[in-house]
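Let us walk through how the parts of this model pack against one another. Please keep the structure open as you read.

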Amino acid sequence: MSVEVLLFIIFNGLLYGMFLFMLSSGLTLIFGMMGILNFAHASFFMIGAYLGYQISLYSSFWIAILLAPLLVGYIGAMVEKYGLRNVHKYGHIAELLFTFGLFYIIEEIVQMIWGKTPVAYKVPELLNFPLIQVSGMAYPAYSMFRLVLSVLIFIAIYRILAKTKTGLIIKASLTNPDMVAALGHNVPRVFSNVFGFGCGLAGLAGVMAGNVIGTEPSMALLLGPIVFVVVVTGGLGSIKGALVASIIIGLMQTAAVSLEFNLNNIFQYLGYNIDINSTLNYFTNITISQLSPIVPYLLLIIILIARPRGLFGKRDV
Amino acid sequence: MNNLKIFLITIFSLIFLVACEKKETSNPIKIAAIEPLSGPYAAVGKDTIDIVTYSASVINKNGGIKGRMIEIIPMDNAMKAEKTTELLRKAIDDDIRFITQGAGSSHALNIIKQLEKYNSRNPGKEVLFLNHSAVTTSFTNENCTFFHFRFDSNVDMKVAGLVSHMSKDNSIKKVYLFNQNYVYGQTFKDAATRMLTKNAPNIDIVGDELIPPFGKVQDFNPYVTKIKLSGADTVLTGNWGPDAYRFVNALKDAGLKVKLFGIYISQPAGMAAMEKNLLFNDVIVVKEFNPTNLAAPSWYKEYEKGHIESVGFTPDADRIRFMFEMLKSAIEKVNSYEPKDIAYALEGMEAKSVDGGKAVMRKDDHQMHFDMQALLVSEKKDQSILYRGKDFDMSYVNVGNIPMEDITLDTSCKMLRP
């Protein structure tokens, strides 16, 4: 493998990893800290993308990136206040079913408003130029903008949770709600705010990614499972874990795509040749590149077996 | 009193007779259209149903078929195989004798297999399958049946057309195959490998990628990088939907200049997600006609105008129009509504094409054959592509004609004729 290939893997992997981090950082708070299995997390991401499109249509992308996440966060907080809070007392299964239903409702509403075909959500003109060149491959300024912004988001969340009083109250409300309530804090409100903040983060990710991957009603369905992989691999409630897991998955998947390697190569090295027309060849001929989409899930299974609390988690799944 | 009774009975019988008579003349020719109208493929299915309904309405406006109107009965299979099976059974129970379908080869195969059994067991009650867009080659080869007609060219023919055009372009030296990993993508890949080796020996295949299909890949950067490192000057792809438009956008973002050859890259439903990114690289697709040809004959312009008014977009395919026209000619020719007679009449029948080229239904395998054109997507020339309230400000430019002979391939079809 040449240095060039390695460089590309690192670059592409980092970009994709940070996208995954943006997408799943909100769920780390919601699932990891509050313990709510929010199946509809990617739906909030989708709402963010559509609102980003709609607002930038009437004003500009820069207003959209400020306003849309706030709106999504507000919607999220309302969902928690009027929906999830009532379901919470019936346990995790009820919550899961609730968010499962929510997922379909959001998808249908989005289709009703914006139609079934992708909408024309564009990268802002200001950042639509190639910024750097790596061996002939251009990386647009917008990708760099996303990279920088996601790093800033990570630092912000990390500092809020670790260093501020707000972070202390949030963490305490989740572990010792009765005690925090006794100290005069409004615990249900803390829950709403955390849920809303998590959804807002997903919304922000949607605004930033919708114009790159395409904004269409099935985007939530396709991104739904991967966010859980990130959160579980990183460790429940650990924002640092989510970052590391995202980057690992990004790098692994990008590396897998770049590898044109299959079992036939091993057999050939050992001196066997598999008949091209045999059934066995059907399996040994599959390259690692073709298996790249299952790489994150493979990682999930290995983590669950070997280290159920994830990379940086403090408790088991 | 008795007279009154007789009088009333006579009157009612007359009314009844008249009612029956009226029902007899307005008795429509029912065609079931099975397409996905819900789920992730709903956009494609909705477009298809709209086009089918419009094409049938044009026949009806001009007096129907021997006075009988065509009635399209849309059925939603949600892109699920078992739903297709169920709907086909329902259609048969409702005495519908014609089925049309296009989105998804797996569903088409399902219909072919079921009808093969049903038709052989129920002589005199056969059902005809008019396939307008399911392109997997085997339907007119080893899986061919007498009651299936395909009005679109199959994958092998489309690839033959693409390769025939590529072989004339001397700037193409290294080609990268980029396809979706399911039956259609694999068929495309196999056909491309076979035909490039045979018909374009001076073009090297420098890469061959099968990606997980249907929008599972969000990040195309690693693939673009691979293509870049392979040194390819051309990419040949059968991709459609998100797998096509994300790829086009990723190429633009990475600034990688290659020629893109394909079938469905410029599908109108995905154009909103690409817009002018589609022009960054030369995108060449093969079609049976040029949808933005201002010089098309006036009868077609009239058809197109109605299409834009009632369906809301520029016709992207012409095959559904001539499919209904051929059905009409076949019924008029044999003066029968029996699928068996119609099927015999369709064999070898010629269709009227937009740009004056040949178009004929081959008897041996019930595969439509027509002249094709290689079309380059360009800035707006005379007429632009419209799609549901959007003007994309782009046109197709004919960059080469592909005569029918170049895409006429042998068939392995051995059909049992009733």
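## Packing in a predicted model

Leaving aside residues up to four places away in sequence, Phe45(A) touches Leu23(A), Ala202(A), Gly203(A), Ala205(A), Gly206(A), Ala220(A) and Leu223(A). Here, a contact means that the C-beta atoms of two residues, placed from the backbone, lie within 7 Å. Residues are numbered from 1 along each chain as its sequence is written, and chains are lettered from A in the order in which they are written. The model is predicted, so local features need pLDDT of at least 70 and side-chain atom pairs count only at pLDDT 80 or more, while totals for chains, interfaces and linings use all residues.

Helices are DSSP runs (H or I, at least four residues), as are strands (E, at least two), numbered from the N terminus.

How many residues of each chain meet? In all, 25 residues of chain A are in contact with 29 residues of chain B. These elements of chain A each supply at least two residues to the side that touches chain B:

| Element of chain A | Residues |
|---|---|
| Helix 1 | 3-33 |
| Strand 2 | 137-140 |
| Helix 9 | 219-234 |
| Helix 10 | 239-258 |

Helix 1 of chain A gives the most to that side, with five residues.

Within chain A, the axes of helix 5 (residues 141-163) and helix 6 (residues 165-175) come within 5 Å and cross at roughly 75 degrees. Helix 5 and helix 6 of chain A are therefore roughly perpendicular to each other, a label for angles of 65 to 115 degrees. The axes are lines fitted to C-alpha atoms over the stretch in contact, with angles running from 0 to 180 degrees between N-to-C directions. Helix 5 of chain A brings Ile160(A), Leu161(A), Ala162(A) and Lys163(A) to the contact, and helix 6 brings Thr166(A), Gly167(A), Ile170(A) and Lys171(A).

Chain B is assigned domain 1 (1-153 + 291-371) and domain 2 (156-287), with bounds from an automatic or database assignment. Their centres, taken over C-alpha atoms, are separated by 33 Å. Domain 1 of chain B puts ten residues into the contact and domain 2 of chain B eight.

Conventions. Parallel < 35°, antiparallel > 145°, perpendicular 65-115°, else oblique.
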